[in-house]
Amino acid sequence: MFSKDSIIGVIGSGAMGSGIAQVAAMAGHKVVLYDNNSAALEKAQASLKQTLAKLQEKGKVASADEVMGRFRFASELTAFADCGLIIEAIIENLDVKKKLFDIVEQAVSETCVLASNTSSLSITSIAAACKKPERVMGLHFFNPAPLMALVEVIPAVQSDAALIDDAMKLMKEWGKVPVLAKDTPGFIVNRVARPFYSEAIRIYEEGIADMATIDWAMTELGGFRMGPFTLMDYIGHDVNYVVTETVFQSFFYDPRYKPSFSQKRLLEAGWLGRKTGRGFYNYAEGMTMPEATKDTTLGNVIVERVVAMLINEAVEALHLRVASAKDLDLAMTKGVNYPKGLLAWADEWGAEKCLAILDGLYNDYHEDRYRASVLLRKKALAKDTLL
Ligand SMILES: NC(=O)c1ccc[n+]([C@@H]2O[C@H](COP(=O)([O-])OP(=O)(O)OC[C@H]3O[C@@H](n4cnc5c(N)ncnc54)[C@H](O)[C@@H]3O)[C@@H](O)[C@H]2O)c1
(Lines give C-alpha, C1' and ligand atoms only; values in the text may rest on other atoms or scores of the structure.)
Protein backbone atom coordinates (compact mmCIF):
# COMPACT_ATOMS: atom_id res chain seq x y z
CA MET A 1 0.00 0.00 0.00
CA PHE A 2 2.82 2.42 0.89
CA SER A 3 5.92 3.02 -1.23
CA LYS A 4 8.78 5.53 -1.38
CA ASP A 5 6.50 7.54 -3.68
CA SER A 6 3.82 7.87 -1.02
CA ILE A 7 3.61 11.46 0.08
CA ILE A 8 3.44 11.79 3.87
CA GLY A 9 1.37 14.54 5.47
CA VAL A 10 2.04 15.63 9.04
CA ILE A 11 -0.39 17.78 11.02
CA GLY A 12 1.12 19.87 13.81
CA SER A 13 4.67 21.16 13.49
CA GLY A 14 5.55 21.04 17.19
CA ALA A 15 8.06 18.79 18.92
CA MET A 16 6.57 15.52 17.65
CA GLY A 17 5.22 16.60 14.27
CA SER A 18 8.48 18.15 13.07
CA GLY A 19 10.44 15.12 14.34
CA ILE A 20 8.12 12.68 12.52
CA ALA A 21 8.31 14.83 9.36
CA GLN A 22 12.11 14.71 9.56
CA VAL A 23 12.07 10.89 9.86
CA ALA A 24 9.77 10.55 6.83
CA ALA A 25 11.80 12.97 4.68
CA MET A 26 15.09 11.28 5.64
CA ALA A 27 13.53 7.96 4.58
CA GLY A 28 13.07 9.47 1.09
CA HIS A 29 9.41 10.59 1.13
CA LYS A 30 8.01 13.89 0.02
CA VAL A 31 6.45 15.46 3.11
CA VAL A 32 3.72 18.03 3.62
CA LEU A 33 4.01 19.65 7.07
CA TYR A 34 0.90 21.56 8.13
CA ASP A 35 0.13 23.70 11.18
CA ASN A 36 -2.69 26.16 11.84
CA ASN A 37 -0.22 28.47 13.55
CA SER A 38 2.05 30.14 10.97
CA ALA A 39 4.67 31.12 13.58
CA ALA A 40 4.96 27.47 14.69
CA LEU A 41 5.33 26.37 11.07
CA GLU A 42 8.08 28.93 10.38
CA LYS A 43 9.88 27.87 13.54
CA ALA A 44 9.71 24.21 12.49
CA GLN A 45 11.04 25.04 9.03
CA ALA A 46 14.01 26.94 10.44
CA SER A 47 14.83 24.27 13.00
CA LEU A 48 14.54 21.42 10.46
CA LYS A 49 16.98 23.30 8.19
CA GLN A 50 19.41 23.71 11.08
CA THR A 51 19.09 20.06 12.21
CA LEU A 52 19.62 18.70 8.70
CA ALA A 53 22.67 20.94 8.17
CA LYS A 54 24.15 19.55 11.41
CA LEU A 55 23.41 15.99 10.28
CA GLN A 56 25.16 16.72 6.98
CA GLU A 57 28.23 18.02 8.87
CA LYS A 58 28.29 14.78 10.86
CA GLY A 59 27.99 12.76 7.64
CA LYS A 60 24.58 11.34 8.60
CA VAL A 61 22.79 13.01 5.68
CA ALA A 62 24.38 13.25 2.21
CA SER A 63 22.65 16.48 1.25
CA ALA A 64 20.64 18.60 3.68
CA ASP A 65 19.34 20.67 0.75
CA GLU A 66 18.04 17.56 -0.98
CA VAL A 67 16.12 16.45 2.16
CA MET A 68 14.81 20.01 2.72
CA GLY A 69 13.69 19.99 -0.94
CA ARG A 70 11.29 17.15 -0.14
CA PHE A 71 9.25 19.39 2.21
CA ARG A 72 6.21 21.48 1.53
CA PHE A 73 5.16 23.72 4.43
CA ALA A 74 1.42 24.24 4.29
CA SER A 75 -1.16 26.35 6.05
CA GLU A 76 -4.11 24.93 4.08
CA LEU A 77 -5.46 21.37 4.40
CA THR A 78 -5.91 21.24 0.61
CA ALA A 79 -2.15 20.56 0.45
CA PHE A 80 -2.93 17.00 1.61
CA ALA A 81 -4.83 16.08 -1.58
CA ASP A 82 -2.05 13.82 -2.94
CA CYS A 83 -0.90 12.28 0.38
CA GLY A 84 -0.91 8.52 0.98
CA LEU A 85 -0.56 8.77 4.77
CA ILE A 86 -1.30 11.58 7.20
CA ILE A 87 0.10 11.54 10.73
CA GLU A 88 -1.59 13.90 13.19
CA ALA A 89 0.46 15.39 16.06
CA ILE A 90 -1.58 18.31 17.43
CA ILE A 91 -2.60 19.02 21.02
CA GLU A 92 -3.71 16.09 23.18
CA ASN A 93 -7.45 16.82 23.22
CA LEU A 94 -10.01 14.30 21.99
CA ASP A 95 -12.63 16.80 20.82
CA VAL A 96 -10.09 18.88 18.91
CA LYS A 97 -8.59 15.76 17.30
CA LYS A 98 -12.03 14.41 16.32
CA LYS A 99 -13.02 17.71 14.70
CA LEU A 100 -9.72 17.80 12.84
CA PHE A 101 -10.05 14.22 11.51
CA ASP A 102 -13.52 15.05 10.25
CA ILE A 103 -12.22 18.04 8.24
CA VAL A 104 -9.02 16.32 7.11
CA GLU A 105 -10.98 13.41 5.68
CA GLN A 106 -12.70 15.86 3.35
CA ALA A 107 -9.33 17.13 2.07
CA VAL A 108 -7.64 13.79 1.31
CA SER A 109 -7.99 11.11 -1.38
CA GLU A 110 -10.22 8.03 -0.93
CA THR A 111 -7.19 5.81 -0.26
CA CYS A 112 -5.28 8.05 2.14
CA VAL A 113 -4.55 6.49 5.56
CA LEU A 114 -5.08 8.63 8.65
CA ALA A 115 -2.94 8.08 11.76
CA SER A 116 -2.82 9.77 15.16
CA ASN A 117 0.30 10.17 17.31
CA THR A 118 -1.81 10.52 20.48
CA SER A 119 -0.12 9.37 23.71
CA SER A 120 -3.22 8.31 25.57
CA LEU A 121 -6.47 8.95 23.73
CA SER A 122 -8.64 6.22 22.20
CA ILE A 123 -7.83 5.61 18.53
CA THR A 124 -11.26 3.97 18.16
CA SER A 125 -12.91 7.16 19.33
CA ILE A 126 -10.89 9.29 16.87
CA ALA A 127 -11.72 6.82 14.04
CA ALA A 128 -15.41 7.14 14.87
CA ALA A 129 -15.26 10.80 13.78
CA CYS A 130 -14.44 9.67 10.21
CA LYS A 131 -16.68 8.53 7.36
CA LYS A 132 -14.20 5.73 6.62
CA PRO A 133 -13.06 4.68 10.12
CA GLU A 134 -11.35 1.59 8.66
CA ARG A 135 -8.56 3.85 7.32
CA VAL A 136 -7.69 5.23 10.79
CA MET A 137 -4.99 3.91 13.13
CA GLY A 138 -2.51 4.97 15.80
CA LEU A 139 1.20 5.52 15.09
CA HIS A 140 2.74 6.52 18.40
CA PHE A 141 6.30 7.85 18.09
CA PHE A 142 8.51 8.72 21.06
CA ASN A 143 10.28 11.96 21.82
CA PRO A 144 12.56 12.90 20.07
CA ALA A 145 11.12 11.02 17.09
CA PRO A 146 14.32 11.01 14.99
CA LEU A 147 16.30 9.41 17.84
CA MET A 148 13.86 7.06 19.54
CA ALA A 149 13.45 3.80 17.62
CA LEU A 150 10.08 2.70 18.99
CA VAL A 151 6.74 3.23 17.25
CA GLU A 152 3.59 1.74 18.78
CA VAL A 153 1.25 0.69 15.96
CA ILE A 154 -2.32 0.71 17.24
CA PRO A 155 -5.30 -0.62 15.32
CA ALA A 156 -8.61 0.99 16.17
CA VAL A 157 -11.50 -1.45 16.62
CA GLN A 158 -12.59 -0.37 13.12
CA SER A 159 -9.17 -0.51 11.38
CA ASP A 160 -8.61 -2.57 8.24
CA ALA A 161 -6.19 -5.39 9.21
CA ALA A 162 -4.19 -5.08 5.96
CA LEU A 163 -3.47 -1.47 6.81
CA ILE A 164 -1.75 -2.46 10.04
CA ASP A 165 0.61 -4.89 8.28
CA ASP A 166 1.52 -2.19 5.77
CA ALA A 167 2.15 0.35 8.51
CA MET A 168 4.43 -2.10 10.36
CA LYS A 169 6.43 -2.58 7.13
CA LEU A 170 6.61 1.16 6.48
CA MET A 171 7.91 1.88 10.00
CA LYS A 172 10.66 -0.73 9.50
CA GLU A 173 11.59 0.96 6.22
CA TRP A 174 11.90 4.21 8.18
CA GLY A 175 14.43 2.49 10.44
CA LYS A 176 12.00 2.24 13.35
CA VAL A 177 11.15 -0.66 15.66
CA PRO A 178 7.35 -1.05 15.40
CA VAL A 179 5.37 -2.93 18.06
CA LEU A 180 1.72 -3.83 17.86
CA ALA A 181 -0.39 -2.52 20.75
CA LYS A 182 -4.06 -2.91 21.60
CA ASP A 183 -6.14 0.28 21.74
CA THR A 184 -6.17 0.47 25.55
CA PRO A 185 -5.23 3.48 27.73
CA GLY A 186 -1.56 4.42 27.47
CA PHE A 187 -1.00 1.62 24.89
CA ILE A 188 2.19 -0.16 26.08
CA VAL A 189 4.78 2.31 27.32
CA ASN A 190 2.57 4.93 28.95
CA ARG A 191 0.69 2.19 30.79
CA VAL A 192 3.51 -0.11 31.87
CA ALA A 193 5.81 2.76 32.94
CA ARG A 194 3.33 4.33 35.41
CA PRO A 195 4.78 2.69 38.59
CA PHE A 196 8.24 4.06 37.76
CA TYR A 197 6.81 7.43 38.76
CA SER A 198 3.94 6.59 41.10
CA GLU A 199 5.71 4.02 43.29
CA ALA A 200 8.79 6.25 43.59
CA ILE A 201 6.53 9.11 44.74
CA ARG A 202 4.78 6.78 47.19
CA ILE A 203 8.12 5.72 48.73
CA TYR A 204 9.05 9.39 49.06
CA GLU A 205 5.65 10.42 50.50
CA GLU A 206 5.92 7.73 53.17
CA GLY A 207 9.36 9.02 54.13
CA ILE A 208 11.04 5.70 53.40
CA ALA A 209 13.70 7.59 51.43
CA ASP A 210 14.27 11.10 50.07
CA MET A 211 14.07 11.91 46.36
CA ALA A 212 17.83 12.05 45.82
CA THR A 213 18.25 8.61 47.39
CA ILE A 214 15.43 7.12 45.28
CA ASP A 215 16.96 8.63 42.12
CA TRP A 216 20.39 7.31 43.11
CA ALA A 217 19.04 3.81 43.80
CA MET A 218 17.14 3.59 40.51
CA THR A 219 20.13 4.75 38.43
CA GLU A 220 23.12 3.30 40.28
CA LEU A 221 21.57 0.06 41.51
CA GLY A 222 18.65 -0.35 39.08
CA GLY A 223 20.54 0.66 35.94
CA PHE A 224 17.89 3.15 34.71
CA ARG A 225 19.26 6.13 32.77
CA MET A 226 17.50 8.72 34.92
CA GLY A 227 15.94 8.57 38.37
CA PRO A 228 12.14 9.01 38.54
CA PHE A 229 12.20 12.50 40.13
CA THR A 230 14.85 13.80 37.73
CA LEU A 231 12.89 12.29 34.83
CA MET A 232 9.51 13.72 35.92
CA ASP A 233 11.12 17.18 36.28
CA TYR A 234 12.62 16.72 32.82
CA ILE A 235 9.36 15.61 31.15
CA GLY A 236 7.43 18.36 32.96
CA HIS A 237 4.59 17.83 35.43
CA ASP A 238 2.09 19.39 33.03
CA VAL A 239 2.76 16.40 30.74
CA ASN A 240 3.69 13.58 33.14
CA TYR A 241 0.96 14.25 35.73
CA VAL A 242 -1.69 14.73 33.03
CA VAL A 243 -0.79 11.38 31.41
CA THR A 244 -1.04 9.68 34.84
CA GLU A 245 -4.43 11.27 35.50
CA THR A 246 -5.72 10.41 32.00
CA VAL A 247 -4.60 6.79 32.34
CA PHE A 248 -6.22 6.57 35.81
CA GLN A 249 -9.54 7.95 34.54
CA SER A 250 -9.42 5.81 31.39
CA PHE A 251 -8.98 2.66 33.50
CA PHE A 252 -12.25 3.43 35.29
CA TYR A 253 -10.30 4.64 38.35
CA ASP A 254 -8.35 1.44 38.96
CA PRO A 255 -6.30 2.24 42.12
CA ARG A 256 -3.20 0.80 40.46
CA TYR A 257 -2.93 3.98 38.41
CA LYS A 258 -3.87 6.48 41.12
CA PRO A 259 -2.06 9.83 40.76
CA SER A 260 -0.35 11.48 43.74
CA PHE A 261 -1.05 14.72 45.56
CA SER A 262 2.66 15.57 45.69
CA GLN A 263 2.81 15.79 41.91
CA LYS A 264 -0.61 17.43 41.57
CA ARG A 265 0.47 20.20 43.96
CA LEU A 266 3.60 20.85 41.86
CA LEU A 267 1.37 21.32 38.84
CA GLU A 268 -0.96 23.64 40.77
CA ALA A 269 2.02 25.69 41.97
CA GLY A 270 3.28 25.99 38.40
CA TRP A 271 6.45 24.17 39.42
CA LEU A 272 6.54 22.20 36.19
CA GLY A 273 10.13 21.00 36.44
CA ARG A 274 13.29 22.05 34.64
CA LYS A 275 11.44 24.32 32.21
CA THR A 276 10.18 26.56 35.06
CA GLY A 277 13.32 26.23 37.18
CA ARG A 278 11.55 24.27 39.87
CA GLY A 279 9.81 20.93 40.22
CA PHE A 280 10.64 18.21 42.71
CA TYR A 281 14.12 19.76 42.68
CA ASN A 282 15.08 23.43 42.65
CA TYR A 283 17.12 24.33 39.56
CA ALA A 284 17.66 28.00 40.45
CA GLU A 285 21.19 29.28 39.94
CA GLY A 286 23.42 28.66 42.90
CA MET A 287 21.26 25.81 44.22
CA THR A 288 23.09 22.56 44.84
CA MET A 289 21.28 19.29 44.30
CA PRO A 290 20.49 17.34 47.49
CA GLU A 291 22.87 14.49 48.30
CA ALA A 292 21.66 10.89 48.24
CA THR A 293 22.07 8.67 51.28
CA LYS A 294 24.05 6.00 49.52
CA ASP A 295 22.72 3.17 51.65
CA THR A 296 22.83 0.06 49.47
CA THR A 297 20.44 -1.97 51.65
CA LEU A 298 17.79 0.78 51.46
CA GLY A 299 18.58 1.30 47.76
CA ASN A 300 18.01 -2.35 46.93
CA VAL A 301 14.62 -2.31 48.72
CA ILE A 302 13.61 0.72 46.62
CA VAL A 303 14.69 -0.92 43.35
CA GLU A 304 12.95 -4.20 44.23
CA ARG A 305 9.71 -2.43 45.06
CA VAL A 306 9.58 -0.21 41.96
CA VAL A 307 10.81 -2.89 39.55
CA ALA A 308 8.37 -5.50 40.95
CA MET A 309 5.52 -3.03 40.35
CA LEU A 310 6.76 -2.40 36.78
CA ILE A 311 7.07 -6.14 36.14
CA ASN A 312 3.53 -6.63 37.45
CA GLU A 313 2.21 -4.05 34.96
CA ALA A 314 4.05 -5.73 32.08
CA VAL A 315 2.79 -9.19 33.10
CA GLU A 316 -0.78 -7.91 33.42
CA ALA A 317 -0.51 -6.27 29.97
CA LEU A 318 0.66 -9.63 28.61
CA HIS A 319 -2.19 -11.39 30.41
CA LEU A 320 -4.72 -9.00 28.87
CA ARG A 321 -3.08 -9.34 25.42
CA VAL A 322 -2.23 -5.68 25.11
CA ALA A 323 0.89 -6.83 23.23
CA SER A 324 3.06 -9.92 22.72
CA ALA A 325 5.81 -10.73 25.23
CA LYS A 326 8.46 -9.80 22.68
CA ASP A 327 6.80 -6.45 21.87
CA LEU A 328 6.29 -5.62 25.55
CA ASP A 329 10.02 -5.95 26.20
CA LEU A 330 10.99 -4.14 22.99
CA ALA A 331 8.67 -1.27 23.88
CA MET A 332 10.29 -0.59 27.25
CA THR A 333 13.87 -0.87 26.01
CA LYS A 334 13.38 1.07 22.74
CA GLY A 335 10.74 3.57 23.88
CA VAL A 336 12.01 4.58 27.33
CA ASN A 337 15.52 3.09 27.37
CA TYR A 338 14.95 0.65 30.24
CA PRO A 339 18.12 -1.33 30.96
CA LYS A 340 16.30 -4.55 30.08
CA GLY A 341 12.83 -5.74 29.17
CA LEU A 342 10.53 -6.15 32.17
CA LEU A 343 9.59 -9.74 31.29
CA ALA A 344 13.28 -10.61 30.86
CA TRP A 345 13.82 -8.99 34.28
CA ALA A 346 11.00 -11.09 35.74
CA ASP A 347 12.66 -14.23 34.39
CA GLU A 348 15.99 -13.17 35.81
CA TRP A 349 14.49 -12.66 39.30
CA GLY A 350 12.05 -15.53 38.91
CA ALA A 351 8.26 -15.12 39.04
CA GLU A 352 8.26 -16.39 42.66
CA LYS A 353 10.47 -13.55 43.90
CA CYS A 354 8.39 -10.94 42.01
CA LEU A 355 5.19 -12.37 43.46
CA ALA A 356 6.64 -12.48 46.98
CA ILE A 357 7.51 -8.75 46.80
CA LEU A 358 4.02 -7.85 45.56
CA ASP A 359 2.21 -10.09 48.03
CA GLY A 360 4.39 -8.65 50.80
CA LEU A 361 3.30 -5.13 49.81
CA TYR A 362 -0.34 -6.24 49.56
CA ASN A 363 -0.22 -7.80 53.02
CA ASP A 364 1.31 -4.65 54.51
CA TYR A 365 -1.04 -2.16 52.85
CA HIS A 366 -4.20 -4.08 51.97
CA GLU A 367 -4.48 -1.80 48.97
CA ASP A 368 -5.67 -3.02 45.58
CA ARG A 369 -2.81 -1.02 44.08
CA TYR A 370 -0.50 -3.92 45.02
CA ARG A 371 -2.61 -6.79 43.66
CA ALA A 372 -0.46 -9.19 41.70
CA SER A 373 -1.41 -10.20 38.15
CA VAL A 374 -3.04 -13.60 38.02
CA LEU A 375 -0.56 -14.55 35.30
CA LEU A 376 2.37 -13.77 37.60
CA ARG A 377 0.77 -15.95 40.29
CA LYS A 378 0.28 -18.82 37.83
CA LYS A 379 3.85 -18.56 36.53
CA ALA A 380 5.21 -18.49 40.10
CA LEU A 381 3.22 -21.57 41.06
CA ALA A 382 4.34 -23.43 37.94
CA LYS A 383 7.94 -22.15 38.36
CA ASP A 384 7.60 -21.07 34.74
CA THR A 385 9.19 -18.22 32.78
CA LEU A 386 7.42 -15.27 31.15
CA LEU A 387 9.39 -15.18 27.88
N1 LIG B 1 5.96 15.51 23.47
C2 LIG B 1 6.03 14.21 23.68
O3 LIG B 1 6.87 13.71 24.43
C4 LIG B 1 5.06 13.30 22.97
C5 LIG B 1 5.44 11.95 22.76
C6 LIG B 1 4.57 11.11 22.05
C7 LIG B 1 3.34 11.59 21.61
N8 LIG B 1 3.00 12.91 21.86
C9 LIG B 1 1.70 13.36 21.34
O10 LIG B 1 1.94 14.07 20.12
C11 LIG B 1 0.98 15.14 19.99
C12 LIG B 1 1.72 16.46 19.81
O13 LIG B 1 2.56 16.69 20.91
P14 LIG B 1 3.75 17.74 20.86
O15 LIG B 1 4.56 17.54 22.08
O16 LIG B 1 4.43 17.72 19.53
O17 LIG B 1 2.94 19.12 20.97
P18 LIG B 1 3.41 20.58 20.61
O19 LIG B 1 2.65 21.51 21.47
O20 LIG B 1 4.92 20.69 20.59
O21 LIG B 1 2.94 20.78 19.08
C22 LIG B 1 1.60 20.78 18.69
C23 LIG B 1 1.47 21.59 17.38
O24 LIG B 1 0.16 21.40 16.89
C25 LIG B 1 -0.34 22.63 16.40
N26 LIG B 1 -1.79 22.58 16.44
C27 LIG B 1 -2.61 22.60 17.54
N28 LIG B 1 -3.89 22.48 17.15
C29 LIG B 1 -3.88 22.36 15.81
C30 LIG B 1 -4.91 22.18 14.84
N31 LIG B 1 -6.20 22.09 15.18
N32 LIG B 1 -4.55 22.08 13.55
C33 LIG B 1 -3.25 22.13 13.18
N34 LIG B 1 -2.23 22.31 14.05
C35 LIG B 1 -2.55 22.41 15.35
C36 LIG B 1 0.27 23.69 17.31
O37 LIG B 1 0.32 24.95 16.68
C38 LIG B 1 1.66 23.09 17.57
O39 LIG B 1 2.61 23.56 16.64
C40 LIG B 1 0.07 15.03 21.21
O41 LIG B 1 -1.05 14.25 20.88
C42 LIG B 1 0.96 14.33 22.23
O43 LIG B 1 0.22 13.63 23.20
C44 LIG B 1 3.84 13.75 22.51
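1. Strand S4 (residues 83-88) and strand S5 (residues 113-116) run parallel and are joined by four bridges; two strands count as paired if DSSP finds at least two bridges between them. Within this pairing, Ile86 stands opposite Leu114 of S5. Helices (H or I, at least four residues) and strands (E, at least two) are DSSP runs numbered from the N terminus. The model is predicted: local features need pLDDT of at least 70 and side-chain atom pairs count only at pLDDT 80 or more, whereas totals for chains, interfaces and linings use all residues. Residues are numbered from 1 along each chain as its sequence is written, and side-chain values use heavy atoms, with hydrogens and water left out.

2. S4 and S5 belong to an open sheet of eight strands with mixed pairing, in the order S3-S2-S1-S4-S5-S6-S7-S8. Strand S3 (71-74) and strand S8 (177-180) stand at the edges with a single partner strand each, so one side of each has no neighbour in the sheet. On average, neighbouring strands of this sheet are turned by 25° against each other, direction ignored. Axes here are lines fitted to C-alpha atoms, for helices over the stretch in contact, and angles run from 0 to 180 degrees between N-to-C directions.

3. How many of the residues of S6 are buried? Six of the six are, so the strand is largely enclosed by the rest of the structure. Buried means under 20% relative accessible area, exposed over 50%, and partly exposed in between (1.4 Å probe, protein chains only). Both faces of S6 are covered, with Val136, Gly138 and His140 buried on one side and Met137, Leu139 and Phe141 buried on the other. S5 and S6 run parallel and are joined by three bridges, and Ser116 stands opposite Gly138 in S6. S6 pairs with S7 in the antiparallel sense over five bridges; there, Val151 in S7 is the bridge partner of Phe141.

4. Two helices that lie across strands of the sheet may be noted. Helix H1 (residues 15-26) lies across strand S1 (7-11), strand S2 (31-34), S3, S4 and strand S6 (136-141), and runs at about 170° to S2. Helix H14 (residues 325-335) lies across strand S7 (150-155) and S8, running at about 135° to S8. Contact means heavy atoms within 4.5 Å.

5. The ligand is surrounded by 21 residues, the closest being Met16, Asp35, Glu92, Lys97 and Ser119; a residue is near a molecule or strand if one of its heavy atoms lies within 4 Å of it. A polar contact is a pair of N or O atoms within 3.5 Å; within protein, one must be able to donate a hydrogen and the other to accept it, and residues adjacent in sequence count only if both atoms are side-chain atoms. An N or O atom in the side chain of Asp35 is 2.7 Å from an oxygen atom of the ligand. For Asn36, a polar side-chain atom lies 3.4 Å from a nitrogen atom of the ligand. Ile90 places a backbone N or O atom 3.2 Å from an oxygen atom of the ligand.

6. The whole structure holds 22 salt bridges, each defined as a side-chain nitrogen of Lys or Arg within 4 Å of a carboxyl oxygen of Asp or Glu. Glu199 forms one with Arg369, the closest N and O atoms being 2.8 Å apart. This pair links distant parts of the chain, 170 residues apart: Glu199 is in helix H8 (residues 194-205), and Arg369 is in the loop between helix H16 (351-365) and helix H17 (374-381). Glu199 is buried at a relative accessible area of 0%, and Arg369 is buried at 5%. A network of salt bridges links Glu199, Arg202, Glu206, Arg305, Glu367 and Arg369.

7. Lys169 and Asp166 form a salt bridge (3.9 Å, N to O). Both lie in helix H6 (residues 161-173), three residues apart, about one turn of the helix. Asp166 is buried at 16% relative accessibility. A further salt bridge joins Asp384 and Lys379, with the closest N and O atoms 3.2 Å apart; Asp384 is partly exposed at 37%, whereas Lys379 is buried at 18%.

8. Lys258 lies in the loop between helix H11 (237-250) and H12 and is partly exposed, with a relative accessible area of 44%. Leaving aside neighbours within four places in sequence, Lys258 is in contact with Ser198, Phe248 and Arg369. Ser260 caps the N-terminal end of helix H12 (residues 261-269), with a side-chain oxygen 3.2 Å from the backbone nitrogen of Gln263. Just after H12, Gly270 takes a positive phi of about 80°.
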